Amino acid sequence: MILRYSILWIYFLMCCIWPAIGQHNTIAEAPDTLELDPSVRYGKLKNGFTYYIRHTQEPENEVYFQMVVKAGNFHEDSLQVEYAHLLEHMGAKGTLHFPELRKYIQYLGGHRHAGTTDLSTWYWARLSTENQEFLKDGLQILRDWSQGIDLDPVSIDVERGAVLGEIRTANPYRDWLQEVTETTVEQRSGYQRKGKGKRADNIRNFNKDTFVRFYKEWYRPDLQAAIVVGDIHVDSVEMQIKRLFADLQKPEDPKDVSPAVLEHTIKLDGRNRYIVQADTVNPTPRLRVFSKSPNPGYSPKTQEDFKNLLVQKVYQELLLARDGNLNKQYRPLFTWTPSDQYADQQLYTMRISLNFHETKLPKMKMEFLKSLAAFRSMNSGFTEDELKHGKEMVRKMYPDNRFRNTKELAERYRDHFVLGTAAPAPDLKKQLITDLLDEIDLDDVHKAANKYGDLRSNTDFLFYAGPDISTPDSTMVWDWLSEVFTKKVEPYLPTPPVSSLREVVELPNVAPDAVRSITKNQIGVTTVDLANGVKLVLKPTGNSNFVKIRASRPNNVPFDNRREYLAAMLAPKAIQFAGAGPYTKFQLSDFMGGTDLQLLQRLDRTEQIIVGSSRADRMEDFLQLLYLYTQQPRMDQEAFQVWKNREQRWIKQGHPDKNMFFTSAIDQIRFPELPLPDAEDLDHLSMDSIYTAYHRWYNNFGGYSFVFTGDFDVNELLPVLVKYLSVLPKGNSSDSIVGEDLSIPLKKLNVIRQVNNSSESNVFLHFPVVASTDTRTKVLVSLLSNALYSRIWDRLRKGSYSPGARGDLVDFKNGIYNFQIWLDAETGKEDIMIRWALEEFRKLRENGVKEDWFEKNMDKRISNYANRFSNSAFWNDYLSEKVRNDEHMATEILEYETFLNYFITLEDLNKAAKELLSEKFLQKIVFLPKNTASTSELKAHSVEER
């Protein structure tokens, strides 16, 4: 009670002392808007500049600085398109007092980021408060972000290249689909997104005067706010803000912000629309249905707004659970996807995706009716048990720490400034959410189902098909839809979930001599050797209640038998797609999601690998799952055929994961004897060959080393591990064929490959070198890796969105390190980028690093070194590497910090640069686009309304 009255008294004093407090000037405040958090110091200066200051110690010794400008993409005129984004890049790069802002904040051990939305631009930095100079610098950075961004012409050219890199697409077909969807959903909602073509042209044809005009028109105090949240003294910070920002000047004739807000606001008219879109890449006929409503989470202000938001979230959780049940089949009737990302998060959409298996219109009609009838069933008849589950899922979205940490608080104040979103006190918001969730009943959910699931208004029907396929006209579609909604809704019948695997996992008895030896070393790592050839390595660390698992053994599958190798490589993917024991992949996926388990098997060039994670209290579930997959893989012809079709489509169109694609393609170039599948291989692949290979190469466990790191007690976990892992079959000697040793090739390569579905060039430069594998060399390589990355980033950002570099020990046995540089580039400009990359590589080799760089980076490494010891992921990677290389586990850990502190000098590092940065075996691999989707295909064949 005393605390409550104290808070009220403080709030009363704030209202008296800062009478200028008010909402932002373009959005009307609802009369019942929830009050702003009284713990935040909120005020305006005479020039209109706004500030939010709040003390919190979650986390301790941290402060979060944010500058918000109520100007974004929708404030640009026709000559300024994409300039808000470019200006954001410039602010993140450098300012009047901090021209090397990124490097300076990194030196302080902090982080910084920036972003542009339709109505705002924001910049933030997170710094430590252990040094008061950092706080002073943080406030000066805010001041610079307001009207002191460095617009150096050279830097502008660099960031123009970076912006073009962001606009450039790595997957034209995927981006084309996304643009068609955005055009369909947004433009017919009164919202006009600017196309990539116009954005890119404006950056290429840059006009500095127009750019500066945007800066001066919109970066002004009445549209800006400073947000400072963290372990600070509020009065002191407020005094400094008043001193730093009072002299900000407004233009004599400031531009009105209202047109941008009005242009941005969605306008739903209640009509349905039917769009037919030709697709020459994927001719399969398919329908995407988008039901659209205003997003209740866009800017909630009142208690009623928050209830509408929570009802929508509960309803969504109920549908997600049901959708999972309905789609537990390899050819589902439809898939359902909710989203709040369209129209700058103003729209809440539900996408219902139908893939037609027949091309005749009568058959399409049958699939349409059956699919949407199933959706109506999914969207009705909710039960009290489902409601209870949905509420629990939503409660998990609002943990206590979400309401109080610096970043969360700052973002809520940003939304309050830009959109007028309510930002009540954390305790009040937590209690409000609790009370409102308790209040929600089935009637609320059924009303939400009628509102969001009624496809007869504000719904877009987007039909894709190849040019030779007949498509229904709008009259047919409206008749089909009417028929769906005139039929009786069938009751939804849930499928019971898998709650435990114990009943289907029958373990052999553990042998008395199952454990051969147990040892513990000086860094707290316990090693256990089992009689079946399995080794266990355990390192408890942290208090996350999670355990990370990685198991590996050498890849002994022979490369010279192409079909055998490919079957072994593909088998884990196919088995995971089919399931294990009596359960399908869908049932096991739900089980893993509900128990926080992850499990994945794969075969790479050098190893067979099992990776996973588990809550500490669910380790038996993880081990049962592993046992089930490896000892009872599920044979399912339908699953195999669907998986095979997907793999064939990825080979034809390109794998959706570009990193995975490039990794495989580079391996194929560097190791031509390593088999990789093509379309013909998959044509000949049978289910029997997959299961035969899986049984031969994955059923036995002799030679596997398991690394367990995380939150566990060795004495409690070890008996569980022995119970499951010691009874796994060891395997016969015939199953342990010694494969070829594919070491990193020490030769020059200059290869160009053309790839499908790309509109940019991707370049990979590799510099393998032989050197000692001792700890000192590893430290030097790590430092050179940082220096090379910094140089490549600074130089290549002018024409590449995400250039980078690193150096690693890639072959311990042969002492081979590999430095690599990667970059993306506009097609036709890759040679220039390669030249720049090689110039920076050579400069680092010849000139080394400067003394200030060396001192800053060594200080940072030394201060951060000990933090890794509480990190489960670090220990898992480190111990897995030692096991793989058969290295002593403790040596590097014990030596590394000593070398950092006492035995690495500037001269040592620069000498190492000359020795290790070698072009003797330079391997240049370039991927150029072969075919891209035509931009003319973005135009729909027809658009019809109802």
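Trainee: What should I keep in mind about the model?

Mentor: It is predicted, so local features need pLDDT of at least 70 and side-chain atom pairs count only at pLDDT 80 or more, while totals for chains, interfaces and linings use all residues. Residues are numbered from 1 along each chain as its sequence is written, and side-chain values use heavy atoms, with hydrogens and water left out.

Trainee: Why is the contact between Glu-607 and Arg-550 called a salt bridge?

Mentor: The term asks for a side-chain nitrogen of Lys or Arg within 4 Å of a carboxyl oxygen of Asp or Glu. Glu-607 and Arg-550 meet at 3.2 Å, N to O, so the pair qualifies under that cut-off. The two sit in distant parts of the chain, 57 residues apart, with Glu-607 in strand S19 (residues 607–615) and Arg-550 in strand S15 (residues 546–554). Helices (H or I, at least four residues) and strands (E, at least two) are DSSP runs, numbered from the N terminus.

Trainee: What makes Glu-607 buried?

Mentor: Buried means under 20% relative accessible area, exposed means over 50%, and partly exposed lies in between (1.4 Å probe, protein chains only). Glu-607 has 6% relative accessibility, so it counts as buried. Arg-550 is buried too, with a relative accessible area of 13%.

Trainee: How do you know that Arg-331 and Glu-638 tie together separate parts of the chain?

Mentor: Their side chains form a salt bridge at 3.7 Å, N to O. Arg-331 lies in the loop between helix H11 (303–326) and strand S9 (335–339), and Glu-638 in helix H22 (residues 637–653), so the pair joins parts 307 residues apart in sequence. Arg-331 is partly exposed at 37% relative accessibility, and Glu-638 is partly exposed at 38%.

Trainee: What makes the negative surface patch negative?

Mentor: Its members are Glu-851, Asp-852, Glu-855, Asp-859 and Glu-907, and Asp and Glu count as negative. Patch residues need over 30% relative accessible area and no salt bridge, with like charges joined within 9 Å. Asp-852 has 45%, so it is partly exposed. The largest share, four residues, comes from helix H29 (residues 851–865).

How values were computed:
Patches are made of residues with over 30% relative accessible area and no salt bridge: like charges are joined within 9 Å, nonpolar side chains (Val, Leu, Ile, Met, Phe, Trp, Tyr) within 5 Å. Accessible areas come from the Shrake-Rupley method with a 1.4 Å probe; for residues, only the protein chains shown count as cover. The place of a charge is taken as NZ of Lys, CZ of Arg, CG of Asp or CD of Glu.
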